[in-house]
Amino acid sequence: MDKAVILAEGFLGSTYGKTANGLCRFSKRYDILGVIDSTHSGASIQEIVPKARPDIKIISTMGEAIDLGADTLIVGVATDGGFLPEYFRPFVSRAIREKMTVVSGLHQFISDDPEFKKLSEQSGSEIVDVRKMFMMRRDFFTGKIWDVKSKKIAVLGTDSAIGKRTTAVYLNEEVKKLGKSSVMIGTGQTAWMQGFPYTVVIDSMINDFVAGGIESAIVEAWEKESPDFMFLEGQGSVLHPAYPGSFEIIAAGKPDGIILQHAPTRIDYDGFPGIKIPPVEKFIRILEELSDKKVMGIAINREGLTEKEISDAKKDLESRYGLPAFDPLFESKRMAEIIVSGF
């Protein structure tokens, strides 16, 4: 397993740092040694990213990354438009000069940048642009999804960057602990970095092939493993003006149930001040109508909440909608038991 340090300068623990946050919590592809973010120097990783692996160090420089023994630098941010922040460039340049592998999930390809390309040719450093790997994927929808007998649970959200992948990861792991076979179906670059084999990065694919890409990942998992359950990572949100996701997951993945991810403190869509997030009941109604299946529970994003406020938010959501509400970082076992017993 490659030994990696994540570049998240200024973003660790934020929504833009969701790739770093996810990798600090779970990765089967990379051994995460540290995270570069000088703004949190001296803090423990779990102070910034709850449930992160506790031995991961927060560092400030590439020199420290090299001293840790890292051979890989992962660009750990997901910015609007997928652009590399300008002040990240010296970190990336140093990594390439040090012959480290550089991994990025951005839309702006590191390997196409003239400066980085020249440096990599000189040093022999490998540059892995994850989204580039999926650009030419050409799977067309076949209808084989109806042959899949696994119970498929889609984790969809009321906003983007709200924790859908993290919830899917933890539910998948907890269902396996209950003695059921289960696989995660990834739909974004971070899931690939975390090492989930059945992943397609749908926002790098031509739209005509998105449904087929989702279907093919699910069918491949079924044909190779025939698991009892699959957890489908949602993207964006069905009503989001900039990232209108969810329907492609429903249409192509044909879920048997839905977990709705919600952040009680969010009034506006993340990154779009003044654009209000509709009420939770509207999302429930739309998702159930589109899928002809039930929302089985509500996963709470704990951002901006105290422990008491998390408890109060769960009680409020449960009383309003008659659905179990849970904190996926610490209560996924309870929801996994409900899911398994429901089928």
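User: What's the strand order in the open sheet of six strands, and how do they pair?
Analyst: This is a predicted model, and in it the order is β3-β2-β1-β4-β5-β6, with parallel pairing.

User: Which strands stand at the edges?
Analyst: Those are β3 (57-59) and β6 (127-129). Each has a single partner strand, so one side of each is left without a neighbour in the sheet.

User: And by how much are neighbouring strands turned against each other?
Analyst: On average by 25°, with direction ignored.

User: Let me zoom in on β4 and β5. How many bridges there?
Analyst: Four bridges, in the parallel sense, between β4 (residues 72-75) and β5 (residues 101-104). If you want a pair to click on, L73 has V102 in β5 as its bridge partner.

User: Which strands does helix α4 touch?
Analyst: Helix α4 (residues 89-97) packs on the sheet and touches β1, β2, β4, β5 and β6. Its direction makes about 155° with that of β4.

User: What about α1, which strands does that one lie across?
Analyst: α1 (residues 18-25) lies across β1 (2-7), β2 (30-36) and β4. The angle it runs at is about 145° to β1.

User: Switching topic: how is the chain divided?
Analyst: Into domain 1, covering 2-134, and domain 2, covering 145-342. Their centres, taken over C-alpha atoms, are separated by 26 Å.

User: How many residues does the contact take from each domain?
Analyst: 27 residues come from domain 1 and 26 residues from domain 2.

User: OK, on to β10. Buried or exposed?
Analyst: Mostly covered: six of the six residues in β10 (residues 257-262) are buried.

User: Which strands does β10 pair with?
Analyst: One is β7 (residues 151-157), parallel over five bridges. In that pairing, G157 has Q261 as its bridge partner in β10. β10 is also joined by five bridges to β11 (residues 295-300), again running parallel. There, I258 finds its bridge partner in V295 of β11.

User: What sits between β10 and β11 in the β-α-β unit?
Analyst: Helix α11 (residues 280-291), and the unit of β10, α11 and β11 is right-handed.

User: How enclosed is β11, and why do you say so?
Analyst: Largely enclosed by the rest of the structure, because six of the six residues of β11 are buried.

User: What follows β11 in its other β-α-β unit?
Analyst: Helix α12 (residues 307-321) and then β12, making a right-handed unit with β11. β11 and β12 (residues 325-326) pair in the parallel sense over two bridges. I298 is the residue opposite A325 in β12.

User: Last one, α7. How far apart are its end C-alpha atoms?
Analyst: They are 20 Å apart. α7 (residues 164-177) has 14 residues, which at 1.5 Å a residue should span 20 Å, so the two values agree.

User: And how many of its residues are buried?
Analyst: Eleven of the 14, so α7 is largely enclosed by the rest of the structure. Among the buried ones are K164, R165, Y170, N172 and E174.

User: What does the backbone do just after α7?
Analyst: G179 takes a positive phi there, of about 90°.

Technical notes:
Residues are numbered from 1 along each chain as its sequence is written. This is a predicted model: local features need pLDDT of at least 70, side-chain atom pairs count only at pLDDT 80 or more; totals for chains, interfaces and linings use all residues. Side-chain values use heavy atoms; hydrogens and water are left out. Two strands pair if DSSP finds at least two bridges between them. Axes are lines fitted to C-alpha atoms, for helices over the stretch in contact, and angles run from 0 to 180 degrees between N-to-C directions. Contact means heavy atoms within 4.5 Å. Buried means under 20% relative accessible area, exposed over 50%, partly exposed in between (1.4 Å probe, protein chains only). A crossover is right-handed if, with the strands pointing away from the viewer, the path from the first strand over the helix to the second runs clockwise. The expected span of a helix is 1.5 Å times one less than its number of residues. Domain bounds come from an automatic or database domain assignment.
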